[in-house]
Amino acid sequence: MKAESKKISAEEFSSVADAFFTENNSREAIKCYLNSVLMKRINPKAYKGLGKAYKSLKKFDKAADAFEKAKKMTPFDAEIYSELGICYLAQGNFCKAMKNIVQSIKIDPNNTDTQIQLAVAHEILGEEDMAIMIYQKIMETNPDCEKAFIQKASLLMQLEKYSEAIDIFSDILSLNPDYHRSYLGIGICLDKLGEPSKAKRYYKKYLNFMPEAANSSSVLNRLEYLTNSVQKRENFLKIV
């Protein structure tokens with residue numbers, strides 16, 4: 001007699017898919033998740049995993065479709081609404097994005113990542129004041145939430161509020177002295193405020209900590225330009 005091959009269950013396909021996804025092999029994960037949902041249609045875990053796998057490949061339309069299916073089966077999963085918010089933001093569907101993000105926060109009001117996601121959505125919509133208000137609230141209620149400080153500082157720079165941005169970058173360094181990009185942020189702000197000598201100090205600090213950074217050559221070029229400019233100005237003053 002021929003030995004019968006063991007039939008793989010929907011749950012086993014889903015577990016294998018999870019393993020593939022953990023190993024950053026989203027394409028194989030998708031195949032296994034699809035097999036899982038083919039075998040078991042009421043399968044929110046597999047649909048949720050399928051959505052994450054598609055999202056990692058930037059296939060946001062397919063990801064949103066999978067998350068929507070999962071949402072119908074588990075309507076109180078805050079993470080699914082948050083993931084849908086990301087997908088719809090990427091697709092430019094801001095109405096659906098905001099609706100899902102807000103619902104996620106209603107289900108899990110303590111999730112700071114989703115609150116930051118809401119602030120980013122307001123930024124994209126050009127509602128910077130609302131975004132700043134949300135970042136500030138997160139910073140006050142969760143003073144260790146470094147990401148909120150970083151987002152607010154970046155937004156303030158975009159709005160050309162350089163002095164305020166410097167204060168936030170300084171707060172970030174107090175929270176995490178190893179976040180060396182704060183030195184670059186402060187340097188850029190001082191540069192924009194017309195204080196080249198101070199800017200140079202922070203550019204040097206950034207390069208000392210991150211000499212291999214992708215933007216190190218650009219920072220070095222700016223540093224050399226400022227050094228030459230300052231020297232020329234000093235020579236001019238001596239001549240005068």
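Is Ser 26 buried or exposed? I looked this up in a predicted model. Ser 26 has 7% relative accessibility, and buried means under 20%, so I put Ser 26 down as buried.

**Ser 26 and its surroundings**

I located Ser 26 in helix H2. I then listed its contacts, leaving aside neighbours within four places in sequence: Phe 21, Ala 53, Ser 56 and Leu 57.

**Helix H3**

I turned next to H3, which runs over residues 44–56. H3 has 13 residues and reaches 18 Å from its first C-alpha to its last, close to the 18 Å expected at 1.5 Å a residue. I noted which residues of H3 are buried: Ala 46, Tyr 47, Lys 48, Gly 49, Leu 50, Gly 51, Ala 53 and Tyr 54. Ala 53, one of these buried residues, is also on my contact list for Ser 26. I checked what the buried residues of H3 pack against, and found helices H1 (10–22), H2 (26–39), H4 (60–73) and H5 (78–91). Just after H3, I found Lys 58 with a positive phi of about 65°.

**Cysteines**

I searched for disulfides, taking sulfur atoms within 2.5 Å as the cut-off, and the count came to zero. Cys 95 is in no disulfide, and the nearest cysteine sulfur, that of Cys 87, is 16 Å away. I also looked up accessibility. Cys 95 is at 65% relative accessibility and therefore counts as exposed.

Note on methods:
Residues are numbered from 1 along each chain as its sequence is written. This is a predicted model: local features need pLDDT of at least 70, side-chain atom pairs count only at pLDDT 80 or more; totals for chains, interfaces and linings use all residues. Side-chain values use heavy atoms; hydrogens and water are left out. Helices (H or I, at least four residues) and strands (E, at least two) are DSSP runs, numbered from the N terminus. The expected span of a helix is 1.5 Å times one less than its number of residues. Buried means under 20% relative accessible area, exposed over 50%, partly exposed in between (1.4 Å probe, protein chains only). Contact means heavy atoms within 4.5 Å.
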